[in-house]
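Student: I would like to understand the words used to describe a protein model. Could we go through some of them together?
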Amino acid sequence: MKTALLAGTHSGCGKTTLTLALLQYFRRHRHDIISFKTGPDFLDPLWHQAITGKPSYNLDTRMMGADACRAQLGQQAERAEYALIEGVMGLFDSYAGVGGAGSSLDLARVVGCPVILVVDAGGMSGTIAAIVTGFKQLAEQGHVRLAGIVANRVGSEHHAELLRAALKDYDLPPLLAWMQRNDKVLSERHLGLKMPEEGDVPDYSAALHVDHEALLHAFSEVACKAPASPSEPRLAGKTIAIARDSACCFIYPANLDWLHRQGAKTVFFSPVAGEPVPQAADAVWLPGGYPELHAEPLSESATWDSLRAGAEAGMPILAECGGAMLLGKALVDQQGRHWPMAGIFPYVSVMQARLAALGLREEASGVKGHEFHYSTREQDDGLAPAFDVLKGDKGARYRNVRASYVHWYFSDEHDRIAGWFSA
């Protein structure tokens, strides 16, 4: 599979917009392409999928590790001819130093793919040569090849020619494509981009100008092996009921793959629609999402009776972030309105305007995940912790119910995860 990572000079330079525009371009020219997202983000992959029609997987050397990133890429290799990986922040940005674990550069190095750099070229011409020279030299020190440039916010064809000439004059990677200034901006809200279902993906075809052969040439073959199936599936014969709707939508596709690889059958239900937990369920997973946007139907949901009955009977229930908010006594929105929830725990989840927590989390067992939320949990004194995390939310536990703000990444390396779904 020919692969490239689309990185940026900085956050806000246009990576996501250019990723969507290039995915549209590949589809329009009938090239079979899939996409990936660097880092733990849930929303960008959903926008990718809205264009490709295929799940977009996360690749994160910090949360997943290098081997898992290579295995994930290898697992998808037969699904398409090309793979485009959207980067995170600037090419060298990470929590572990310049180009460290979790950065776009580290991922490109680990999987052995070239980088296509997005440069916001608004208001510049020759300066692009200085910028690209620095990025190229530092990337090469990290054993990563810069294969080409995509310029954003270009004023005209003449402007694009100035940029192209500056790169050529200094023997730098070529201009593969450019996006002219346009007003087709993806809508955002407090947690980032809106869900793609809330509006059509903009059509960028008129604004994107591509050197077709140069773009295809920038992708390189990547050889990665798919993970082997476990000899003894840990969840064989188990049926896992998963909440999946507009309130519970933050699901890593790799986690679904992991459940199936472990022998589990998955079924889905909707708390927003008031659907009961499926009777065949041996365990329940409540992923995160946007419960605060659906507080009214959730406050009247008929799901809670079956969920409470399952909790009292000792059914394993794993609830993450927004899913954990569903299990409390109430949800308080930003207008101060109280909405009753399942009431399995006595806590109240209170939405606030400012970010409450952000960062990688790791349990003592080694299982990793990501915490990112705008609510706080109140009235939870005295509750048993659900997880032994080194940093972040320890959550709450009642019988076999485990709830916290952490979105966990399921990994074949850890038996502990299977235990969360087993009585």
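Tutor: Gladly! Let's start with a definition: a residue is buried when its relative accessible area is under 20%. Keep in mind that this is a predicted model.

Student: What makes helix α2 largely enclosed by the rest of the structure?

Tutor: Eight of the 10 residues of helix α2, residues 43-52, are buried, so the helix is largely enclosed. Among the buried ones are Leu-43, Trp-47 and Ile-51.

Student: Why does Asn-58 count as buried?

Tutor: Asn-58 has 4% relative accessibility. The cut-off is under 20%, so Asn-58 counts as buried. Asn-58 is in strand β3, residues 57-59.

Student: How do you know that the side chain of Asn-58 makes a polar contact with the backbone oxygen of Gly-39?

Tutor: The side chain of Asn-58 reaches that oxygen of Gly-39 at 2.9 Å, and the limit for a polar contact is within 3.5 Å. A polar atom of the Asn-58 side chain also lies 2.7 Å from the backbone oxygen of Asp-41.

Student: What about the aromatic pairs, how many are there?

Tutor: The count comes to 17.

Student: Why is the pair of Phe-250 and Tyr-290 called edge-to-face?

Tutor: Their ring centres are 5.3 Å apart and their planes stand at 70°.

Technical notes: Residues are numbered from 1 along each chain as its sequence is written. This is a predicted model: local features need pLDDT of at least 70, side-chain atom pairs count only at pLDDT 80 or more; totals for chains, interfaces and linings use all residues. Side-chain values use heavy atoms; hydrogens and water are left out. Buried means under 20% relative accessible area, exposed over 50%, partly exposed in between (1.4 Å probe, protein chains only). Helices (H or I, at least four residues) and strands (E, at least two) are DSSP runs, numbered from the N terminus. A polar contact is a pair of N or O atoms within 3.5 Å; within protein, one must be able to donate a hydrogen and the other to accept it, and residues adjacent in sequence count only if both atoms are side-chain atoms. Rings of Phe, Tyr and Trp (its six-membered ring) pair if their centres lie within 6.5 Å; planes under 30 degrees apart count as stacked, over 60 as edge-to-face and the rest as tilted.
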